[in-house]
Amino acid sequence: MPYRLAPLYCRPWTLAGLSARLIESHYEVNYGGAVARLNAITEELATLAPTATSAVAINRLKRDELIALNSTLLHELYFASLGGDGRAVPQAMAEAFDRDFGSVVRWQDEFSALGQAIAGGSGWVLLTYLPRDGRLLNQVGGDHGQSIAGGIPILALDMYEHAYHIDFGANAAAYIAAFLRNIDWKAVQGRYLDAQRAPRPSQLEQPEFAGVPAIAPEEVKAMLESGAPVQIIDVRPRHYAAKTHEIMERAVWRDPDRVQEWIGELSKSEPVVTFCVYGFHVGCQTATALREAGFDARYMAGGHHAWKAIKGKTKLFA
Ligand SMILES: [Fe+2]
């Protein structure tokens, strides 16, 4: 089924400082063109025989499809971003800007500066919600093909020259100011609230260790840097430890199969952090055994390799 053109969301005659001629040209020529290209590419993809088509040709078509699809989606968001008075930022948006940018003004300064930064070239400035971290961020997209993986754009500023040259010539700053004066904040907030309902990407779950508290490697690093007392036990299995050459700088290695032999060395008055290679089982099992013996023990999520991934210090393991 072909992609259908969406009706123009904003009412051009209500916009302040953006002419109906500009919006109509943008909608008909550029948005309409993107939908037409998208449909042509989709049809071509549907009719070709994948096994009889060269890799170069199919790769080019899929890239063109991504660009045309993103251009279509972002233009729809752009027109749906306009039609308000740009002034009254509703409460949920204002709170989100305070949380993620410091203030509404700070957000607007950054958003405008990003527009200025790509003026004269082309691209998009997007306000995007990231379910992974539950936060908003501004993004520049150098062409239609770029967007934050997993992000949900909720406000789009089109910085292609076709979006403003009819009214503003090369005066991108005046165009950005006019765009800001026409933002439909009620609609933006509606999209923000919808986006917040998108589930966070699934995280690693280990139901068998649900009751064992974890500590992130970043927290362990912060504890060490602050000088807080902590006992760190590397419990990578013996067969693994035998062939490795490095160990976390502040850790001691102990055999996870012989917990009872070394448990007496530990102090119950200081917290214990255990870790294994990747953080799946051994570190968790050891933390469980220590907790059952009355220690304040946690396992370090991600294990030895997570420690290295955050550039934690290691030393030679002889
Ligand atoms: Fe455009």
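Tutor: Let's start with Thr-274, whose bridge partner in β9 is Tyr-299. This is a predicted model, so read everything here with that in mind. Strand β8, residues 272-275, pairs with strand β9, residues 297-300, in the parallel sense, and three bridges hold that pairing in the description. Packed on the sheet is helix α11, residues 282-292, which touches both β8 and β9. The direction of α11 makes about 175 degrees with that of β9.

Now zoom out to the sheet. Five strands make it up, in the order β4-β9-β8-β5-β7, and the sheet is open with parallel pairing. At the edges sit β4 (214-215) and β7 (252-253), each of which pairs on one side only.

Next, look at the helix pair α1 (residues 20-47) and α2 (residues 55-81). Their axes come within 9 Å and cross at roughly 145 degrees, and the crossing of α1 past α2 is left-handed. On the α1 side, the contact residues include Tyr-27, Tyr-31, Leu-38 and Ile-41; on the α2 side, they include Leu-61, Leu-69, His-75 and Phe-79. Sorted by class, the contact has 11 nonpolar, five polar and four charged residues.

As a rule, nonpolar side chains in soluble globular proteins tend to be buried together. Here the largest core has 44 residues, and Trp-124, Val-125, Ala-156, Leu-157 and Tyr-175 touch the most other members. Several elements give it two or more residues, among them α1, α2, β1 (124-130) and β3 (152-158). The largest share, eight residues, comes from α1. Leaving aside residues up to four places away in sequence, Trp-124 touches Leu-74, Gly-141, Ala-156, Leu-157, Asp-158 and Met-159. There is also a second, separate core of 21 residues, and Val-220, Ile-232, Leu-290 and Trp-307 are included in it.

One last stop: Phe-97, which lies in helix α3. Why does Phe-97 count as partly exposed? Because Phe-97 has 19 C-beta neighbours inside 10 Å, while a residue needs 20 or more to be buried. Setting aside residues up to four places away in sequence, Phe-97 touches Ser-103, Val-104 and Trp-107. Phe-97 and Trp-107 are 10 residues apart in sequence, with 6.4 Å between their C-alpha atoms.

Terms used
Residues numbered from 1 in each chain as written. Predicted model: local features only at pLDDT ≥ 70, side-chain atom pairs only at ≥ 80, totals over all residues. Pairing = 2+ DSSP bridges. Helix = DSSP H or I, 4+ residues; strand = E, 2+ residues; numbered from the N terminus. Contact = placed C-beta atoms within 7 Å. Axes fitted to C-alpha atoms, helices over the stretch in contact; angles between N-to-C directions. Left-handed = near helix turned anticlockwise from the far one by under 90°. Nonpolar A, V, L, I, M, F, W, Y, C, P; charged D, E, K, R; others polar. Core = buried A, V, L, I, M, F, W, Y, C linked by C-beta atoms within 7 Å. Buried ≥ 20, exposed ≤ 12 C-beta atoms within 10 Å, placed from the backbone.
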